[in-house]
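Student: Let us go through this model by question and answer. Please show the sequence and the structure.

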Amino acid sequence: MKSIIIYNTKSGNTEQLANKMGEVLQKNGHEVDMYRDKDIKSQIQSNDSFFDPYDLLVFGSCTHAMAPARTLKSLLKVIKKQNIQNKKLICFGTSGGPDMWKKACSGIQKRFPQLEHIGDIGCVERENDGAIKKFEELVQNLQ
Ligand SMILES: Cc1cc2nc3c(=O)[nH]c(=O)nc-3n(C[C@H](O)[C@H](O)[C@H](O)COP(=O)(O)O)c2cc1C
């Protein structure tokens, strides 16, 4: 399975979770591409087939004002225009408050109702051990 992780981070918490998720995917035999949102926007904008090679999309963000960060939301708008179909989606987030990352996840998922939503992963800041365990289970069930 080929997967892509795209995330937003300001102070590195979500990036740390993204990196660990990438390792889990690789350990489970996935080919993984990983990008920070601001680094990939123009490439996606200029390529309508950008997501064609991927089976699993993994989108994540820190939580800002109970939602995904603005730069990720702006990128999701661009991605939504591509009308992606027949792919799986996992959302992830980190937050300051317990369970507030779920707001970031729902803010991502609601933009892609056509995708098969496999689950949400998240944690408070860098307390990501439990989140990684849950992600390992999700990924193993994908095999
Ligand atoms: C501007 C700003 C807004 C935030 N808003 C929220 C919020 O609404 N709810 C919450 O639980 N945490 C909030 N946080 C905390 C971050 O979501 C949390 O520290 C997160 O792990 C940061 O991830 P990062 O290191 O990847 O940037 C906010 C942080 C900042 C800087």
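Student: In what order do the elements of the protein chain run from the N terminus on?
Tutor: The protein chain has 5 helices and 6 strands. These are DSSP runs numbered from the N terminus, helices being H or I of at least four residues and strands E of at least two. The order is β-α-β-α-β-β-α-β-α-β-α.

Student: What should I keep in mind about the numbering and the model?
Tutor: Residues are numbered from 1 along each chain as its sequence is written. The model is predicted: local features need pLDDT of at least 70, side-chain atom pairs count only at pLDDT 80 or more, and totals for chains, interfaces and linings use all residues.

Student: What is the radius of gyration of the protein chain?
Tutor: The radius is taken over C-alpha atoms, and the globule rule is 2.2 Å times the number of residues to the power 0.38. For 143 residues the rule gives 15 Å, and the chain comes close to it, so it is as compact as a globular protein of that length. The C-alpha trace spans about 35 × 35 × 25 Å along its principal axes. The radius of gyration is 14 Å.

Student: Why is strand 1 largely enclosed by the rest of the structure?
Tutor: A residue is buried if 20 or more other C-beta atoms, placed from the backbone, lie within 10 Å of its own, exposed if 12 or fewer, and partly exposed in between. Strand 1 is largely enclosed because of its buried count: 5 of its 6 residues.

Student: Which residue is the bridge partner of Y7 in strand 2?
Tutor: Strands pair if DSSP finds at least two bridges between them. Strand 1 and strand 2 (residues 31–36) run parallel and are joined by 6 bridges. The partner of Y7 is R36.

Student: Is A65 buried or exposed?
Tutor: A65 sits in the loop between strand 3 and strand 4 (67–68). Its phi is near 50 degrees, a positive value in a residue other than glycine. Most residues other than glycine have a negative phi. With 8 other C-beta atoms within 10 Å, A65 is exposed.

Student: What is the phi of N86?
Tutor: N86 lies in the loop between helix 3 and strand 5. N86 counts as exposed, with 8 C-beta neighbours inside 10 Å. Its phi is positive, near 55 degrees.

Student: Which residues is P68 in contact with, leaving aside neighbours within four places in sequence?
Tutor: P68 is in strand 4 and counts as buried, with 30 C-beta neighbours inside 10 Å. Contact requires C-beta atoms, placed from the backbone, within 7 Å. The partners are N8, S61, K73, A104, G107 and I108.

How values were computed: Contact = placed C-beta atoms within 7 Å.
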